[in-house]
Amino acid sequence: GWARSVSPGFLPVLAAGCAGPQSAFDGAGTEAASVETLFWIMLAGAVVIWLLVIGLSVYATRANPAAHSEATGIRLIIWGGAVVPTIVLAALLVWGLAMMPDLRREADGPKIAVSGERFWWRIAYGIEGEPGVAKSLPAGGVESANELWLPVGRRSEILLGSPDVIHSFWVPAIAGKTDAIPGRVNRLVLEPTREGVYNGVCAEFCGDAHAQMGFRVVVVSEADYARYVEIQARPAAVTEGEGAARFLERGCGACHTVRGTPADGAVGPDLTHIASRRTIGAGLLETTPANIAAFIRSPTHVKPGAEMPAFAMLPEAEITAIADWLGALR
Ligand code: CUA
């Protein structure tokens with residue numbers, strides 16, 4: 001029977017699902033920690049109520065109605081149906097509200113703009129003033145994509161926006177989700193407490209590739225964060241050669257920027273330091289020249305719904321040259 005096929009051996013497998021880079025149960029941020037505590041308290045309360053309801057149901061099927069007065073029944077309904085739930089729910093509400101000021105704390109770290117766009121994340125470090133909301137969010141600053149670096153122990157301010165539809169920014173291990181909405185700027189304070197690499201996702205259905213709209217969050221020391229932003233601010237390491245020439249000739253620069261070259265498109269991700277990122281396609285594939293070439297040939301083959309057009313009609317030698325060049329832009 002099922003009891004034998006579902007051996008206790010499956011328990012570690014279940015528990016393993018609670019750890020890892022995308023788990024709210026393996027918190028690496030202050031907000032995730034308070035969400036986790038709230039979850040366990042609510043789970044405990046739900047278990048107690050569930051046991052009570054099941055216990056009373058079992059009792060009701062066996063009890064002899066003649067042995068109970070109507071007054072007992074009415075008392076049970078008043079206490080079990082109104083008084084106790086009111087006390088429990090009021091306590092949870094008060095506790096939840098008390099938690100909120102903590103989640104709206106002032107930032108003391110860097111200000112970073114993050115724009116959810118179909119189907120990737122535009123990220124800008126070191127923005128000045130308020131970001132614009134008209135088209136895409138960042139106001140100046142150093143652009144990157146799909147990989148958000150944060151200094152550990154600091155409260156970084158994330159300014160969220162979108163040029164197209166509503167997306168939702170969620171890094172389960174660090175903080176709860178916040179929507180990225182066209183025409184407005186939402187603020188979110190992230191306070192990571194442990195260095196490491198975490199997964200983020202888009203948590204609002206936004207189109208074909210919604211499920212493939214991921215990103216990485218890299219939490220490092222403050223010194224490493226400063227060094228990272230300083231390196232990202234530099235122009236591309238290699239700006240000439242076969243790959244760069246083909247990239248420009250084929251018009252890739254109409255959508256992509258590679259700083260240090262004439263390519264200054266703003267539609268797609270900034271590729272100036274693409275090889276320094278762990279993934280391409282918004283968390284989808286490891287950044288290697290072979291994967292970049294596959295993406296150029298047919299983005300939708302790699303990522304259904306991707307908005308970049310396919311370039312399979314280019315000679316294979318050109319695709320390889322472009323992918324090799326991009327794959328060297330660290
Ligand atoms: Cu973006 Cu779902």
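Reader: What makes Leu271 count as buried?

Author: Leu271 has 28 C-beta neighbours inside 10 Å. A residue is buried if 20 or more other C-beta atoms lie within 10 Å of its own, exposed if 12 or fewer, and partly exposed in between, with C-beta atoms placed from the backbone. Leu271 therefore counts as buried. The model is predicted: local features need pLDDT of at least 70 and side-chain atom pairs count only at pLDDT 80 or more, while totals for chains, interfaces and linings use all residues. Residues are numbered from 1 along each chain as its sequence is written.

Reader: Where is Leu271, and which residues is Leu271 in contact with, leaving aside its neighbours within four places in sequence?

Author: Leu271 sits in the loop between α6 and β11. Helices are DSSP runs of H or I with at least four residues, strands are runs of E with at least two, and both are numbered from the N terminus. Beyond four places in sequence, Leu271 is in contact with His256, Thr257, Val258, Leu326 and Leu329; contact here requires C-beta atoms, placed from the backbone, within 7 Å of each other. Gly327 is 56 residues from Leu271 along the chain, and their C-alpha atoms are separated by 9.9 Å.

Reader: Does Asp264 count as buried or exposed, and why?

Author: Asp264 has 12 C-beta neighbours inside 10 Å, so this residue counts as exposed. Asp264 is also found in the loop between α6 and β11. With neighbours within four places in sequence left aside, Asp264 is in contact with Gly253 and Thr257. Its C-alpha lies 24 Å from that of Gly305, which is 41 residues away in sequence.

Reader: How do you know that Ile41 is partly exposed?

Author: Ile41 has 14 C-beta neighbours inside 10 Å and therefore counts as partly exposed. Ile41 belongs to helix α3, residues 30-62.

Reader: Why are α6 and α9 called roughly perpendicular?

Author: Two packed helices are described by the angle between their axes and the distance between the axes. The axes of α6 (residues 242-249) and α9 (residues 316-326) come within 7 Å and cross at roughly 110°. Axes are lines fitted to C-alpha atoms, for helices over the stretch in contact, and angles run from 0 to 180 degrees between N-to-C directions. Angles under 35 degrees count as roughly parallel, over 145 as roughly antiparallel, 65 to 115 as roughly perpendicular and the rest as oblique. α6 and α9 are therefore roughly perpendicular to each other. The contact is made by Glu242, Gly243, Ala244, Arg246 and Phe247 of α6, and by Glu318, Ala321, Ile322, Asp324 and Trp325 of α9. By class, this contact of α6 with α9 has five nonpolar, one polar and four charged residues. Ala, Val, Leu, Ile, Met, Phe, Trp, Tyr, Cys and Pro count as nonpolar, Asp, Glu, Lys and Arg as charged, and the others, Gly among them, as polar.

Reader: How do you know that the buried residues of α6 line one face of the helix?

Author: The buried residues of α6 are Gly243, Ala244 and Phe247. Seen down the helix axis, these buried residues of α6 fall within an arc of 95°, so they line one face. The arc is that of the directions from the helix axis to the C-beta atoms. α9 is included in what covers the buried residues of α6.

Reader: Why are α7 and α9 oblique to each other?

Author: The axes of α7 and α9 come within 8 Å and cross at roughly 130°. α7 and α9 are therefore oblique. Pro289, Ile292, Ala293, Ile296 and Arg297 in α7 meet Ile319, Thr320, Ile322, Ala323, Asp324 and Leu326 in α9. The residues of this contact of α7 with α9 divide into eight nonpolar, one polar and two charged. What covers the buried residues of α9 includes α6 and α7 (289-297).

Reader: What is the phi of Asn146, and what makes Asn146 buried?

Author: Most residues other than glycine have a negative phi, and most peptide bonds are trans. Asn146 is not a glycine, yet its phi is positive, about 60°. Asn146 lies in the loop between β3 (142-145) and β4 (147-151). With 24 other C-beta atoms within 10 Å, Asn146 is buried. Ala282 likewise has a positive phi, near 60°, and this residue counts as buried with 25 C-beta neighbours inside 10 Å.

Reader: What kind of peptide bond joins Arg118 and Phe119?

Author: Omega is about 0° there, and the bond joining Arg118 and Phe119 is cis. Phe119 is in the loop between β1 (111-117) and β2 (120-125).

Definitions and conventions:
Two residues are in contact if their C-beta atoms, placed from the backbone, lie within 7 Å.
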